[in-house]
Amino acid sequence: MFKGIIPPIITPFHDDLGIDEAGFAEVIEYMIAGGVHGIVCGGTTGESYALTRDERVRQFRFAKEVIGGRVPLICGVNDMTTTGACAYAVAAKEAGADGILLAAPPYSLPTERELAAHCLDVDRDCGLPIMLYNYPGRTGVGMGAEFLEEVGRRATFKAIKEASGDIDRLHLLACDFPHIEISCGAENQALEFFVWGATSWVTPMGNFFVEEAVDFYNVCTRDKDFDKARAMMTALLPLMSVIEGGGNYAQSVKYAVAFQGLPAGPVRPPMRDMNEELKRELHQVLETVKRTLGAIRSRANANDGERHVRLVG
């Protein structure tokens, strides 16, 4: 279920800020054609915070219709209240979701026991496989050991997307909670996550560099070629720095999507479009990264060909 490259999809908008469903479907097709293993609908990358409840629920249903069972659909069901999160989880189940992505409710700052009760209530209402989402930078609270011990007793809590940026969290999860699958949610730590046995990467790059992201996953998990993975990560780090730095995350991802010739459109308020200087910087970084990753992949293919000739000969 929660394995491989599982991108959180953007929500393309028209210039009038209405949802571009044809564009949404086009991005889904791009992802699936590139080899993704699942798709998250309703996450931060999709600007769920700027969508109405009706828009979010409609998006669950439309995503399921477009995907058509080709890959799992995971729906983000986060809300400021337990009642709201439960309602979104039920709506996701009714839409045919294969799993849900569940974070702490923002702003209220629940204790670990309160947060566990929140997540257990959502689980009771929908019963779908759950990927937890630990991102204290956005929610204000972390999913600590007490929380994990409580929810980890339920078989439906399958995985956790770890986005704290704290490498010690990765060690905690791998060593103390091996029954909960680890998903990379910290872009610049993807290599470290896979070294420590992560099973998936929920990366926005699947919206625009899907083949590169899938290739990186295969290099790490199938080939165990961490020299090549290190070279790829070295190439990717400048891009990750631009996208995740400076408070322009949604704008940067959408710009990168448009860079690939895919529909993206503007962002909804309170976000605003990037300034021209950042656009130029991001464009240059995207071109450099794409060229460098292409060269790495070409060299690897050439080396594989040489090895095959020697073996045959």
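Which elements cover the buried residues of α4? I began my notebook with that.

**Ground rules**

I am working from a predicted model, where local features need pLDDT of at least 70, side-chain atom pairs count only at pLDDT 80 or more, and totals for chains, interfaces and linings use all residues. Residues are numbered from 1 along each chain as its sequence is written, and side-chain values use heavy atoms, with hydrogens and water left out. I take helices (H or I, at least four residues) and strands (E, at least two) as DSSP runs, numbered from the N terminus.

**Entry: helix α4**

I looked up the cover first. It includes α3 (82–95), β4 (99–103), β5 (130–134), α6 (145–151) and β6 (157–162). Contact here means heavy atoms within 4.5 Å.

Next I listed what is covered. Leu115, Ala116, His118, Cys119, Leu120, Val122, Asp123 and Cys126 of α4 are buried. For accessibility I use these cut-offs: buried is under 20% relative accessible area, exposed is over 50%, and partly exposed is in between (1.4 Å probe, protein chains only). An α-helix has 3.6 residues a turn, so residues three or four places apart point the same way.

Then I checked the length. Helix α4 holds 15 residues, 112–126, and should span 21 Å at 1.5 Å a residue. The expected span is 1.5 Å times one less than the number of residues. The end C-alpha atoms of α4 are 21 Å apart, which agrees.

I also looked at both sides of the helix. Leu109 sits in the loop between β4 and α4. Leu109 is not a glycine, yet it has a positive phi of about 55°.

**Entry: α3 against α4**

How do α3 and α4 pack, and at what angle? The angle is about 30°, and the axes are 9 Å apart. That makes α3 roughly parallel to α4. I note how this is set: axes are lines fitted to C-alpha atoms, for helices over the stretch in contact, and angles run from 0 to 180 degrees between N-to-C directions. Angles under 35 degrees count as roughly parallel, over 145 as roughly antiparallel, 65 to 115 as roughly perpendicular and the rest as oblique.

The crossing of α3 and α4 is right-handed. A crossing is left-handed if the near helix is turned anticlockwise from the far one by less than a right angle, and right-handed if clockwise.

From α3, I find Thr82, Ala85, Cys86, Ala89, Val90 and Lys93 meeting His118, Asp121, Val122, Asp125 and Cys126 of α4. By class, this contact has 6 nonpolar, 2 polar and 3 charged residues. Ala, Val, Leu, Ile, Met, Phe, Trp, Tyr, Cys and Pro count as nonpolar, Asp, Glu, Lys and Arg as charged, and the others, Gly among them, as polar.

**Entry: α1 against α2**

I moved on to α1 (residues 21–33) and α2 (residues 53–67). Their axes come within 10 Å and cross at roughly 45°. That makes α1 oblique to α2. The crossing of α1 and α2 is right-handed. On α1, the contact uses Glu21, Phe24, Ala25, Ile28, Glu29 and Ile32, and on α2 it uses Arg58, Gln59, Phe62, Ala63, Val66 and Ile67. I get 8 nonpolar, 1 polar and 3 charged residues for the contact of α1 with α2.

**Entry: α9 against α10**

Here the axes of α9 (residues 210–221) and α10 (residues 226–244) come within 8 Å and cross at roughly 150°. The two helices are therefore roughly antiparallel to each other. The crossing of α9 and α10 is left-handed. Glu212, Asp215, Phe216, Val219 and Cys220 of α9 make the contact with Phe226, Lys228, Ala229, Met232 and Met233 of α10. I find 7 nonpolar, no polar and 3 charged residues in it.

Lys224 lies in the loop between α9 and α10. Lys224 is exposed, with a relative accessible area of 54%. Its phi is positive, about 55°, although Lys224 is not a glycine.

Is Gln251 buried or exposed? Gln251 counts as buried, at 6% relative accessibility. I place Gln251 in helix α11 (residues 249–259). Not counting residues up to four places away in sequence, Gln251 touches Val267, Met271, Arg272, Asp273 and Met274.

Pro270 is in the loop between α11 and α12 (276–312). A cis peptide bond joins Pro269 and Pro270, with omega about 15°.
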